[in-house]
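Subject: Structure handover

Hello,

Please find the structure below, with my notes after it. They go through one site at a time.

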Amino acid sequence: MDRIFYLDMVAVPIYAIILYATFVRKMITGPSNRAFTALLVVSLVTAVCDLMTGMASANAPMSDYEVGLVFIASTVYYLFHILVPIMYLMFLFAETRMGYQMTRKSKLIIIFAPYAASVVLLIVNCFNGVVFTVTNEEGYRRGPGVYVFYTLAAMYALWGVTYLARRRKMFSFAKWLSLGSMYVMNAAAVIIQMLFPRLLIEMIMTALAELYVVLLVMRPEDYMDYGTGLPNFRAYKNELLKVTSTDTRGTIVVLRFINARQMQRYLGDRRYFKFIRSAAENLKGICDKYDLEADIYYEQPGRIYILSDNYRFDFEKGVRELYAEVIGDIQEIESLGTKVIPRFCEIRYPDDIRDAETIINIGRQFHRIIPFDQFYTHAKEIIESPTFRIKNNMDLILNRAISNKKFEMYYQPIYSVKEKRFVSAEALIRLKDEEFGFISPAEFIPAAERRGLMVAIGDFVLESVFRFISETDFRGLGLEYVELNLSVAQCVQGDLADKIFALEKKYHVNPARVNLEITETTYENIGSTTDTNIRVLSENGFSFSLDDYGTGYSNMQRISRLPLKIIKIDKTLVDDMENRSGMSVMRNTVSMMKDINKEIVCEGVETAEQLETLSGLGVDFIQGYYFSKPLPAESFVSFIKEKNSEQTA
Ligand code: C2E
Ligand code: MG
Ligand code: MG
């Protein structure tokens, strides 16, 4: 007798291991995990029954006991085998959220009606052996009925293949390929088995395809938040892409704890995550109570997303009810010393917003746009707000600005108290977009930094300022230098110093005319590159200022060590001089800085009174609206011409 190669045997441990891993890694919640687990169970049972049948039949003739066993195993085999392509199709549906769109009835008819037919066929088989027979002498023999099963399997496979082909856009290529591998592997198995009937490899091919899917598609680590064990932002984004690409309707409720970072710091990770988990459970509880299908996701530091297919439910009422219920928990947390400040935003899709990106942006930004005490917000209130429109279109705005050179440098005069004239200016970037109008640097600079575009913008600033200095008669105007802001992204560039030296040569600018402003964040992030940049540049005659002093946690020791010529005291400290303690802070700051030989600029001076007080304290330079707002280069030059000649006259 020819040998039979039971390669299929290997399939059994593979399924068992995947299944075990699925449970251990808690990959069993959510529609697509559930469908996949079902697929694994079905595959495992099929493989076991297949092996039992095959091995027992190889030993024919068989005892009555063996005949009974093989008959049962074969029946179970057929019952489950046809479920493999069905379950796989269900899994594909779940992966694309198709399942949500199908009514229970249509699921039953489309998916399980053919299955019911095969069950009937197997019952009939008990009497007439149309599918298979098992006898003592011959063992297991197939009948013509098996072709019904083959046809059904082929039909489901064809369905799956077309489905995948038509939804190519919904997946990354790698994921799409791994999902499709199931069909490729099975087709290969069918061909190989036709060529080599003694090589049993169908189940192992299915097992390998499932393994491929597990490794590539079902990676729970990527989709789970470690601290809370909840599905994470990536999972949310994936789901969102699915719902927005299949015109389903539904609602997203975003819960944002505004002071999440602070809460986490006060409560400690363990208690904080427990709090988040219980908030998520409470929200889920509301959904269950009202029989809403909903998934919950968490994004660090404090954002919970509820994604529901329901678009009629009054979520605001639900949320307020929840809040009333859990107020005790919240008080308990607050008694530990931190406030709980939740803000909700409800987004109806596609009614309010259609595209996933805007939905994501709303979830991340809404609390910055609404009034601080607004507890519950409907997305349509904010999508029209200019602030949101700018934030939401920041990519477009920045790319447009960079490629069309939309930036312009303005100059704000800086007044010397001692010399009673304007001796310098701060260069400040301005951006006017054709569609969104003027956009504040406080808005677009952090955005550009996050997108890695700040170096390009910084290059523009450097070039413009050097050109401005070379084209302007500093001596004639009585100007000494221009201050320009360096961002963190520029400071960590290895070639920053070389870039500046190149500009120095190109425009024949004396380094004494350039003062570079850095902030505390720059030197908090200090690495050897930043250090080297600052050192090399100051050794070559460029001076530095520390910007925004008083807004962070400056360390005097650090400040005294850095080669800083000027300290710029932030507007907030200037404004605080209104009250006694603020006044005292300013007085001591100034005297401390004088002690370590720093020159002092006060920013944001708006009134004559502030000017007088600061001059009295011994501040060297004043910058602020009291004298002038930042001006376009030409207006700045005329301003200086006029004002400085008044002084000398
Ligand atoms: P900064 O460097 O602290 O600049 C001072 C800011 O205070 C400027 O805002 C200026 O217009 C504003 N200001 C000056 N005097 C007064 C006043 O009396 N009252 C009030 N209310 N404001 C006053 P601006 O131009 O909007 O810039 C904001 C921030 O954006 C800057 O803060 C700086 O951090 C950044 N920035 C601006 N231009 C550039 C640039 O070219 N490069 C880099 N890296 N950052 C820049
Ligand atoms: Mg500045
Ligand atoms: Mg400043």
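Asp547 is buried, at 5% relative accessibility, where buried means under 20% relative accessible area, exposed over 50% and partly exposed in between (1.4 Å probe, protein chains only). This is a predicted model, so local features need pLDDT of at least 70 and side-chain atom pairs count only at pLDDT 80 or more, while totals for chains, interfaces and linings use all residues. Residues are numbered from 1 along each chain as its sequence is written, chains are lettered from A and ligands numbered from 1 in the order in which they are written, and side-chain values use heavy atoms, with hydrogens and water left out.

Metal site

Asp547 coordinates both the magnesium ion (ligand 3) and the magnesium ion (ligand 2), which are 4.1 Å apart. Donors are N, O and S atoms within 2.8 Å of the metal (3.2 Å for Na, K and Ca); water is not among the atoms, so sites may look incomplete. Asp548 is partly exposed, at 25% relative accessibility.

Ala260

Ala260 lies in helix H12 (residues 260-289) and is buried at 0% relative accessibility. Helices (H or I, at least four residues) and strands (E, at least two) are DSSP runs, numbered from the N terminus. Leaving aside residues up to four places away in sequence, Ala260 touches Tyr272, Pro301 and Gly302, a contact being heavy atoms within 4.5 Å. The C-alpha atoms of Ala260 and Gly302 are 5.0 Å apart, although 42 residues separate the two along the chain.

Helix H22

The buried residues of H22 are Leu496, Ala497, Ile500, Phe501, Leu503 and Tyr507. Seen down the helix axis, they fall within an arc of 160 degrees, so they line one face of H22; the arc is that of the directions from the helix axis to the C-beta atoms. The face turned away from the buried side carries the exposed residues Asp498, Lys505 and Lys506. Among the elements covering the buried residues are helix H19 (454-471) and strand S12 (514-518). Just after H22, His508 takes a positive phi of about 50 degrees.

Aromatic rings

The whole structure holds 36 aromatic pairs. Rings of Phe, Tyr and Trp (its six-membered ring) pair if their centres lie within 6.5 Å, and planes under 30 degrees apart count as stacked, over 60 as edge-to-face and the rest as tilted. Tyr147 and Tyr150 have ring centres 5.7 Å apart and planes at 75 degrees, so they are edge-to-face. These two are three residues apart in helix H7 (residues 146-166), about one helical turn. Tyr147 is exposed, with a relative accessible area of 54%, and Tyr150 is partly exposed at 39%.

The rings of Tyr411 and Phe636 are tilted, because their centres are 5.8 Å apart and their planes are at 40 degrees. Tyr411 belongs to strand S8 (residues 407-416) and Phe636 to helix H29 (residues 633-648), so the pair ties together parts that are 225 residues apart in sequence. Tyr411 is buried at 2% relative accessibility, and Phe636 is buried at 0%.

Phe71, Tyr77, Tyr78, Phe132, Tyr140 and Phe149 form one aromatic cluster.

Regards
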